[in-house]
Amino acid sequence: MTQHVQHDSGTHRHDEPDHSHGHGPVSWSMAARATLHCLLGCALGEILGMVVGTALAWHNAPTMALAIVLAFVFGYSFTMYAVVRAGLDLRTALKVALAADTVSILVMELVDNGVILLVPGAMDAHLDTALFWGALAVAFAIAFAVTTPVNRLLISAGKGHAVVHQYH
């Protein structure tokens, strides 16, 4: 029995290879969804890192380092959760998450932290200020705009989030 599944590119039969993810044109919508997935993990990790660093009265550098580490942890965890639910073991899920998300998270982190560093006063802004949240929102928006074309290119080459699509 052939099972049909509706994707962005139309109906796909599970007994046929899926050529819509990798090695061909990829919609901006698909790239944006992959980037939004990455942004969610990065944002949660970064905000948690900043809250912890602030609560412990750390200086900017260790707080930013913790935020970046947690952005990677949360980003990878979101992907791992999805592929483990699809039936992969933890070791394979980790390999898939590393292959799917590393470049996307790296670009996201470089851009959004770079923007924060460039906004006057943002590094010293407290969590209860409009400057902190405004600079963070602008940084995430710019990072999303820069990372989406990167993800589109990766997916069209069969890399990045294209690695995850075979498990959905």
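**Ser 104 in the helix**

I began with Ser 104, which sits in helix H3. Helices here are DSSP runs of H or I with at least four residues, strands are runs of E with at least two, and both are numbered from the N terminus. Ser 104 is buried, at a relative accessible area of 0%. My cut-offs are under 20% relative accessible area for buried, over 50% for exposed, and partly exposed in between, with a 1.4 Å probe and protein chains only. I then listed the contacts, meaning heavy atoms within 4.5 Å. Not counting residues up to four places away in sequence, Ser 104 touches Cys 38, Thr 147 and Asn 151.

The model is predicted: local features need pLDDT of at least 70, side-chain atom pairs count only at pLDDT 80 or more, and totals for chains, interfaces and linings use all residues. Residues are numbered from 1 along each chain as its sequence is written, and side-chain values use heavy atoms, with hydrogens and water left out.

**Val 107**

Next I looked at Val 107, also placed in helix H3. Its relative accessibility is 19%, so Val 107 counts as buried. Which residues does Val 107 touch, not counting those up to four places away in sequence? I found Val 146, Thr 147 and Val 150.

I moved on to helix H4, where Thr 147 lies. Is Thr 147 buried or exposed? It is buried, with a relative accessible area of 0%. Leaving aside neighbours within four places in sequence, Thr 147 is in contact with Thr 35, Ser 104, Val 107 and Met 108. From Thr 147 to Ala 31 I read 8.9 Å between C-alpha atoms, and the two are 116 residues apart along the chain.

Thr 148 is in helix H4 too. Thr 148 is buried, with a relative accessible area of 7%. Its contacts, leaving aside neighbours within four places in sequence, are Trp 28, Ala 31, Ala 32 and Thr 35. The C-alpha atoms of Thr 148 and Ala 31 are separated by 5.6 Å, across 117 residues of chain.

**Ala 32, looking back**

I checked the pairing from the side of Ala 32, in helix H1. Ala 32 has 23% relative accessibility, so it counts as partly exposed. Ala 32 touches Phe 144 and Thr 148, not counting residues up to four places away in sequence. Ala 32 and Thr 147 are 115 residues apart in sequence and 8.7 Å apart in space, C-alpha to C-alpha.

**Ala 57**

I stopped at the loop between H1 and H2, where Ala 57 lies. Phi of Ala 57 is near 55°, a positive value in a residue other than glycine. Ala 57 is exposed, with a relative accessible area of 63%.

**Largest pocket**

I then opened the largest pocket, which holds about 360 Å³ of space. Of its 21 lining residues, the closest to the centre are Thr 54, Asn 60, Thr 63, Met 123 and Ala 125. Helix H1 (28-55), helix H2 (60-85), helix H3 (90-118) and H4 are the elements that give two or more residues to the lining. A pocket here is an open set of points on a 1 Å grid over the protein atoms alone, where a 1.4 Å probe fits, with protein on both sides within 12 Å along at least five of seven lines; lining residues have an atom within 4 Å of a point.

**Whole chain and confidence**

The protein has 5 helices and 2 strands, in the order β-β-α-α-α-α-α along the sequence. Of its 168 residues, 39% count as buried. Residues 24 or more positions apart account for 65% of the contacts with a separation of 6 or more.

The average pLDDT, the predictor's confidence in each residue from 0 to 100, is 84, and 81% of the residues score at least 70. Over residues 1-22 the pLDDT is below 50, and this stretch has 34 contacts in the model beyond near neighbours in sequence.

Conventions. Grid points are joined across faces, edges and corners, and a volume is the space filled by probe spheres set on the points.
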